[in-house]
Amino acid sequence: MPRSSKRVSPSEPTLPRPEPRRTREELRADTLAAAREIILSDGPEALTARRLAEAVGYTPGTIYNLFDGLPDVLWQVNRGNFKRIEELFEDLPGDDPTARLRKLAARYLRLVETEPTLFRALFDGPRRSDRFPDWYMQAIAGLLGRTADELRQLNPALTEAQARDEAAGIFAAVHGIGQLQVSARLDLLTNVSGAELADRLLSRILRDVATGA
């Protein structure tokens, strides 16, 4: 006699396979990816524990097991953005500091205009206090330091402190112009485009730096 075999009835439900457990590293990566998308679509103020938990499929309490609070999630997203700004220094053309810094400013403005909410989050969003982690401040200092190095090539008489002050002013000006541009508020001040306005301002600053004015 042929051996009988059990057949599954077409109407018998098939149990879904359980999803594999994610490692801690995978959970952190998924959380940061979700946080980035929330910030990108709705800004850093939209980053809440509840919304983030819903996006990755677990409870808000899990976030506090993975990160040192919600501000830390934002800071870690910004860690990636600092790296992207560092990449803007790569392959700057020629040896003329003025041309290199003008190119750098143009690159940064394009980055801000492409993903405005992400780069607004560098200085915005939820935080527990006014104290940022040491690595965060070091990342900012590193970017200002690289800009200051270009300025000291333009005018070797500048001290490190003077060059860093000038670098901070340049960054604040270009970043501010970029934010006004993407918020559609720059036209309240001028009909000049953000790129042209930043280039004009930067050219004057660099001329003054070069002459020691």
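I am working from a predicted model here.

**Entry 1, the overall picture.** The chain has 213 residues, and 38% of them count as buried. I noted an accessible surface of about 13200 Å², with 51% of that belonging to carbon and sulfur atoms.

My search of the whole structure turned up 9 salt bridges. I went through a few of them.

Arg36 pairs with Glu115, and their closest N and O atoms are 3.2 Å apart. This pair links distant parts of the chain, with Arg36 in helix H1 (residues 24-42) and Glu115 in the loop between helix H5 (97-114) and helix H6 (116-120), 79 residues apart. Are the two partners buried or exposed? Arg36 counts as partly exposed because its relative accessibility is 26%, while Glu115 is at 12% and so counts as buried.

Next I checked Arg100 and Glu150, whose side chains meet in a salt bridge at 2.9 Å, N to O. Arg100 sits in helix H5 and Glu150 in helix H7, so this pair ties together parts 50 residues apart in sequence. I found both Arg100 and Glu150 buried.

Then came Asp199 and Arg102, with 2.8 Å between the closest N and O atoms of their salt bridge. Asp199 belongs to helix H9 and Arg102 to helix H5, so parts 97 residues apart in sequence are tied together. Asp199 is partly exposed at 25% relative accessible area, and Arg102 is partly exposed too, at 35%. I also noted that salt bridges with shared partners join Arg36, Glu37, Arg84 and Glu115 into one network.

Where does Asn155 lie? I found Asn155 in the loop between helix H7 (134-154) and H8. With a relative accessible area of 12%, Asn155 is buried. Its side chain reaches the backbone nitrogen of Ala157 at 3.0 Å. Leaving out residues up to four places away in sequence, Asn155 touches Val209, Ala210 and Gly212. Asp208 is partly exposed, at 37% relative accessibility.

On the surface I found Leu180, Leu188 and Leu189 forming a nonpolar patch, with about 330 Å² of accessible area together. Leu188 lies in the loop between helix H8 (160-182) and helix H9 (194-211). Its relative accessibility is 67%, so I logged Leu188 as exposed.

Conventions
Residues are numbered from 1 along each chain as its sequence is written. This is a predicted model: local features need pLDDT of at least 70, side-chain atom pairs count only at pLDDT 80 or more; totals for chains, interfaces and linings use all residues. Side-chain values use heavy atoms; hydrogens and water are left out. Buried means under 20% relative accessible area, exposed over 50%, partly exposed in between (1.4 Å probe, protein chains only). Accessible areas come from the Shrake-Rupley method with a 1.4 Å probe; for residues, only the protein chains shown count as cover. Patches are made of residues with over 30% relative accessible area and no salt bridge: like charges are joined within 9 Å, nonpolar side chains (Val, Leu, Ile, Met, Phe, Trp, Tyr) within 5 Å. A salt bridge is a side-chain nitrogen of Lys or Arg within 4 Å of a carboxyl oxygen of Asp or Glu. Helices (H or I, at least four residues) and strands (E, at least two) are DSSP runs, numbered from the N terminus. A polar contact is a pair of N or O atoms within 3.5 Å; within protein, one must be able to donate a hydrogen and the other to accept it, and residues adjacent in sequence count only if both atoms are side-chain atoms. Contact means heavy atoms within 4.5 Å.
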